[in-house]
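Reader: I am new to this structure and would like to go through it step by step. Could you take my questions in turn?

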Amino acid sequence: MKRVHNFNAGPSALPLSALELARDELLDFEGSGMSILEHSHRGKEYEKVHDETLGLIRSLMAVPETHDILLLQGGAHQQFAQIPMNLLMPGQSADYVLTGGWSERAYEEAKNVGTVRLAATTGVDHGGKTVYRRIPRFDELQLHPEAAYVHITSNNTLFGTQWAAFPETKAPLVIDMSSDIMSRPVDVSKIGLIYAGAQKNVGPSGITIVIIHKDLVQNARKDIPKIFRYSTHAKERSLYNTPPTFAVYLARNVLRWVKELGGLTAIEARNRQKTDVLYAAIDSRPDFYKCPVEQGSRSRMNIVFNLPTPALEDEFVAAAKKKDMVGLKGHRSVGGIRVSTYNAVEPSSIDALVAFMDEFARSKA
Ligand code: PMP
């Protein structure tokens, strides 16, 4: 069996132990004579998996009892709509901070539901395209005193920027953590709503984690279809309708691995070490590799950089592939190189990439 160095932006690398456990249990789950894929979501076997997954999220992220944890479907895109549907009352507006392509999407979708305001943007024009190179300073945020909520994107998957700390806001803070959930400890008690597709740090695609303050659930709008109300899913422990049972099972396996590794403090240290090595490799050859992101805004999850020409970037991606390093091409809307260093990416994969970067740069000198 050959496993490559997987730098995909999502779906992305999963811990080997999580996949191995799934393989070992696939045909006969815990002596039940059938696969977890074949179990009813109302049966005790699946319910145990479901509760273990919810319990692991709660303990790993230290989610206080003031917050509900929901396992939903529809991805972060559904949340772009579901958040304003639930939290934006008639006559109110919500504040959005734009730091990349995904926050733009969230903002545009919310406009289809209600009134939104631009609280800040770090977008700048670059040859007719809007690009984002930094996270705003807190004093740049122009927040409305009566906003229903303030929406930010903690890690910008396309542009390789990340909030190092979150602003203190009067209105509940709503954070799209799709690409950095569980990569570091965060103080959930200070956040109104966190949402994230699972397919980067938590598991396969198919589940969206929503962590929401119970007050927001209770006070949410009731005049929307039942399936979109957070209260529906909170009341039923995310078993109102059939959940994506296999995705929840696989997330359980991934979260067991996170726990064994030492939880989010250990994960953060590991991610820091990986990205320190990678940024050092980029910065050590400033004539060849250039990270366009401002120092204080650099992401610890998606590291973006450019080579002197797009042709060299293509050559870099092709040569890396020959060495079993995949997923390095930047997002189609921004180009360049992007290395996703999610939790499951092993430090040894980063070491292999750094060695390759050195070799490639020297071959072109
Ligand atoms: N937000 C962020 C920060 C993302 O990285 C992504 C996906 N790459 C999305 C939203 C969209 O997620 P989904 O495809 O699950 O809707």
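Reader: How far is an oxygen atom of the ligand from a polar backbone atom of A76?

Author: This is a predicted model, and the distance is computed from its atoms. A polar contact asks for a pair of N or O atoms within 3.5 Å, and the pair formed by an oxygen atom of the ligand and a polar backbone atom of A76 is separated by 3.2 Å.

Reader: Which residue has a side-chain N or O atom 2.7 Å from a nitrogen atom of the ligand?

Author: Side chains also take part, and in W102 an N or O atom of the side chain lies 3.5 Å from an oxygen atom of the ligand. For a nitrogen atom of the ligand, the side-chain N or O atom at 2.7 Å belongs to D176.

Reader: How much of the area that the ligand exposes when taken alone does the protein bury?

Author: Taken alone, the ligand exposes 400 Å². Of that area, the part buried by the protein is 85%.

Reader: Which helix gives the most residues to the shell around the ligand?

Author: There are 13 residues around the ligand, and H77, T157, D176, Q199 and K200 come nearest. The shell divides into three nonpolar, two charged and eight polar residues. With four residues, the helix that gives the most to this shell is α3, residues 75-87.

Methods: Residues numbered from 1 in each chain as written. Predicted model: local features only at pLDDT ≥ 70, side-chain atom pairs only at ≥ 80, totals over all residues. Heavy atoms only, no water. Near = heavy atom within 4 Å. Polar contact = N/O pair within 3.5 Å; in protein donor to acceptor, adjacent residues only side chain to side chain. Areas by Shrake-Rupley, 256 points an atom, 1.4 Å probe, with all protein chains shown as cover. Helix = DSSP H or I, 4+ residues; strand = E, 2+ residues; numbered from the N terminus. Nonpolar A, V, L, I, M, F, W, Y, C, P; charged D, E, K, R; others polar.
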